[in-house]
Structures are given as structure tokens and as C-alpha cells.
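Please load the model in your viewer and keep the selection panel handy. We will go stop by stop, with a note on what to select and what is there.

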Amino acid sequence: PNKKIVQIGNGHGSYHSGALNEEGEYFTWGHNRVGQLGISDLDVRRYIKRENYTVNYDSDDSAEVKEEDILNNSELLTRIIKPILVKFDQSIVKFSLGWGHSVVLTKNKKLYICGRNNELQCGVIKKNCKTKESLKEDYINRIFLDSFTLIQKFEKVDDFSVSFNINIVKADGKLFMTGEEEPWVEINING
């Protein structure tokens, strides 16, 4: 049976999307150049299907049927998205997607983050991240987490917000921000 979708989201210009159902299952799809899907690889998850033949839409590999032949004949073209279920030890209650990174909050108030971390938007010290040597000159996309990582700084997270390269977290009655090269700085709104 179909489960009701309770939340949807798109990354800020990074071509990845997500959906959360009523059972707390989190699904994701789209580009994955910097691990923003959190599925332990960097493969793109967008497909075109023609009859019983599937062509990876973003692949550089040649296929029996040329992509332009499919795209030029609307009768042959059926786009299907194949979302990936990302498994967690607890159900997810909220997610948000930034520019190349993703953040989820579990039912037991644990925060997990994955994806681009060039400005510490994942709040993880860069030496603990993966790098792509092939992107040595591409600072923006070179430093990343390719799977969801538990942020252990917080015992319990009450809420969070995600923007382009910044995350704000409410935990223990305090606000914290990560991004712009600063990991988990406390925000004092009381002056």
C-alpha cells in the first residue's frame, strides 16, 4: 500500500531531492556528485526507461539506444524517478536540503548530515571527510561526506534550518550555526 508523503524538498541549486513518508522513511534522488544523497557512493540517481530497457540519463557511457533518439521521440520516452530509501536506526521526523548537502533529524532527536563540506556546512572537521583528488583544483566540490554522518556534538536536537551553505541547530536551549568555515558556533540572541 502507498504511504502518505508528509514532506518534500529540493536542494538549493544542487539537483537533489527528497521525500519523507508517514512511517518516517526518507527517500532521495538526483545528482550525487558530492555525496548529497548520503548513500555511500557518488552515482547519479536519475533514469529514463524505454520499454523494458533502462538508460542511465546522466551516464557518459554509450548505450544501444542513443539518448537523443529517445528524447526526440516522445512516444518512446517515459521518465521514471527511482528514489533510494536511506536506512536509519530510527524513523526520520524532518529533513532539509542545502546546496550539495542534506540534513535529517531522527525521532530520537539525532542529527545526521552528508554531502558537500567545503565551508564546514556539515560541521565535520575536513580531515574526517573524503576528498576527490580528481577535483584537486575544484575546492567547492572536493571535500565531502558520501554517507549520512551522526553529529555527536548534540545529545538531542530540537530543530534545525538549512540554507545555501549554513545550518542552524537548536539544541539544549541554545542555537548553533555551522558553515562559512566555522563549525558549530553558538549564537547568542540575548545580546
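Colour by secondary structure to begin: the chain has two helices and 16 strands, where helices (H or I, at least four residues) and strands (E, at least two) are DSSP runs, numbered from the N terminus. This is a predicted model, in which local features need pLDDT of at least 70 and side-chain atom pairs count only at pLDDT 80 or more, while totals for chains, interfaces and linings use all residues. Residues are numbered from 1 along each chain as its sequence is written, and side-chain values use heavy atoms, with hydrogens and water left out.

**Confidence**

Now colour by pLDDT, the predictor's confidence in each residue, from 0 to 100. The chain averages 80, and 72% of the residues score at least 70. Which elements have the lowest and the highest mean pLDDT? Strand β5 (residues 53-56) has the lowest, at 45, and strand β8 (residues 92-97) the highest, at 97.

Select residues 48-65 next: pLDDT stays under 50 here, and the model has 34 contacts beyond four places in sequence for this stretch, a contact being heavy atoms within 4.5 Å. Residues 135-139 also stay under 50, with eight such contacts.

**The whole chain**

Switch to a surface view. The chain exposes about 10,900 Å², of which carbon and sulfur atoms supply 46%; these areas come from the Shrake-Rupley method with a 1.4 Å probe, and for residues only the protein chains shown count as cover. Of the 191 residues, 41% are buried, where buried means under 20% relative accessible area, exposed over 50% and partly exposed in between (1.4 Å probe, protein chains only). Among contacts with a separation of 6 or more, 48% come from residues 24 or more positions apart.

**An open sheet**

Go back to the cartoon and pick out β1, β2, β3 and β7: these four strands form an open sheet in the order β1-β2-β3-β7, with antiparallel pairing. Its edge strands, each pairing on one side only, are β1 (5-10) and β7 (84-86). From one strand to the next, the twist averages 25°, with axes as lines fitted to C-alpha atoms (for helices over the stretch in contact) and angles running from 0 to 180 degrees between N-to-C directions. Strand β3 (residues 26-30) and β7 share three bridges; two strands pair if DSSP finds at least two bridges between them.

**Phe 95**

Next, select Phe 95 in strand β8. Is Phe 95 buried or exposed? Its relative accessible area is 2%, so Phe 95 is buried. Its contacts beyond four places in sequence include Gln 7, Ile 8, Leu 20, Val 103 and Phe 160. Tyr 26 is 69 residues away along the chain, yet its C-alpha atom is 8.2 Å from that of Phe 95.

**Arg 116**

Move to Arg 116 in strand β10 (residues 111-116). Arg 116 counts as buried because its relative accessibility is 6%. A polar atom of its side chain lies 2.8 Å from the backbone oxygen of Trp 99.

**Two hairpins**

Finish with strand β13 (residues 157-162) and strand β14 (residues 166-171), which pair antiparallel over five bridges and are joined by a hairpin through three residues. Strand β14 also pairs antiparallel with strand β15 (residues 174-179), over six bridges. Centre on Ile 168: Ser 161 stands opposite Ile 168 in β14, and Ile 168 stands opposite Met 177 in β15. The hairpin of β14 and β15 has two residues between the strands, and Asp 172 takes a positive phi near 55° there.

Methods. Polar contact = N/O pair within 3.5 Å; in protein donor to acceptor, adjacent residues only side chain to side chain.
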